[in-house]
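This report describes the strand pairing, helix packing and pocket of a single model. The sequence and structure are shown first.

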Amino acid sequence: PFYQFRMEQEQHVVTFITLLITGVIIGTQSARLRMQAISARKREKNTSSLFGMSRELTATRGKITLAQVAAQHIADMLDGDVFLWLPDAKGQLQTVVAETEAEEHAIDPVREESVVNWAFTHRQNAGRGTDTLPSAKALYVPLLGSGGVVGVIGVMPHDEDMEAYSADDVEMLEAFLAETVLDELEHLA
């Protein structure tokens, strides 16, 4: 008969329950392994990208060129637009790099300037995905060097529906900044 579940003998109930539990356990473990494989691939890609950027930076000189190389690698890694602000001689933040895919992705400097200045002044992440000024279009991370804040980097995802970067993405961004821009920009500033 169709659409019926009936067992003729009681011994089949134990077999059915055993097979059901085994199937659930195997399915759960397979999903867990799949997620671990995805995570491992992402870590490998990020590590490879970090190594590639480090290698490229060793052959690069000049503050703006270093910033452009770092911005390009960060934009590729996080699939977003990257903006970098550095202080000028008067201590005012100026946009020195804007690594964008298209004009419609550009950050409105007037609207976002307060968030950039807040991140620079308070030495904390601000903007999208944080508790501080979360309505901003991008995530702003201060570039912390041994002598203080060197500048601010902003990363805006291409996917407008994305609420925030994951903790792993932010950690990787900070690793990129620590590896490349900080010491170089600090010595060249």
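Gly127 stands opposite Leu139 in β4. This model is predicted: local features need pLDDT of at least 70, side-chain atom pairs count only at pLDDT 80 or more, and totals for chains, interfaces and linings use all residues. Residues are numbered from 1 along each chain as its sequence is written, and side-chain values use heavy atoms, with hydrogens and water left out. Strands (E, at least two residues) and helices (H or I, at least four) are DSSP runs, numbered from the N terminus.

β3 and β4 run antiparallel and are joined by 2 bridges; two strands count as paired if DSSP finds at least two bridges between them. Between β4 and β5 there are 7 bridges, again in the antiparallel sense. Pro142 has Val152 in β5 as its bridge partner, and a hairpin connects β4 to β5 through 2 residues. Of the 7 residues of β4, 6 are buried (under 20% relative accessible area, with exposed over 50% and partly exposed in between; 1.4 Å probe, protein chains only).

## The sheet and its helices

The open sheet has 5 strands in the order β2-β1-β5-β4-β3, with antiparallel pairing. Its edge strands, β2 (93-99) and β3 (126-127), each pair on one side only. Strand β1 (residues 80-87) is joined to β5 (residues 148-157) by 6 bridges, and Leu84 has Ile153 in β5 as its bridge partner.

Helix α2 packs on the sheet and touches β1, β2 and β5, with its direction at about 50° to that of β2. Helix α4 also packs on the sheet, touching β4 (139-145) and β5, and its direction makes about 35° with that of β4. Contact means heavy atoms within 4.5 Å. Axes are lines fitted to C-alpha atoms, for helices over the stretch in contact, and angles run from 0 to 180 degrees between N-to-C directions.

## Helix α1

Helix α1 (residues 11-58) has 48 residues, so at 1.5 Å a residue it should span 70 Å; its end C-alpha atoms are 71 Å apart, which agrees. The expected span is 1.5 Å times one less than the number of residues.

The buried residues of α1 are Asn46, Ser49, Leu50, Gly52, Met53, Ser54 and Leu57. Their cover includes α2 (63-78) and α4 (167-179).

## The largest pocket

Ser39, Lys42, Arg43, Asn46, Asp168, Glu171 and Met172 line the largest pocket. α1 gives the most to this lining, with 4 residues. A pocket is an open set of points on a 1 Å grid over the protein atoms alone, where a 1.4 Å probe fits, with protein on both sides within 12 Å along at least five of seven lines; lining residues have an atom within 4 Å of a point.
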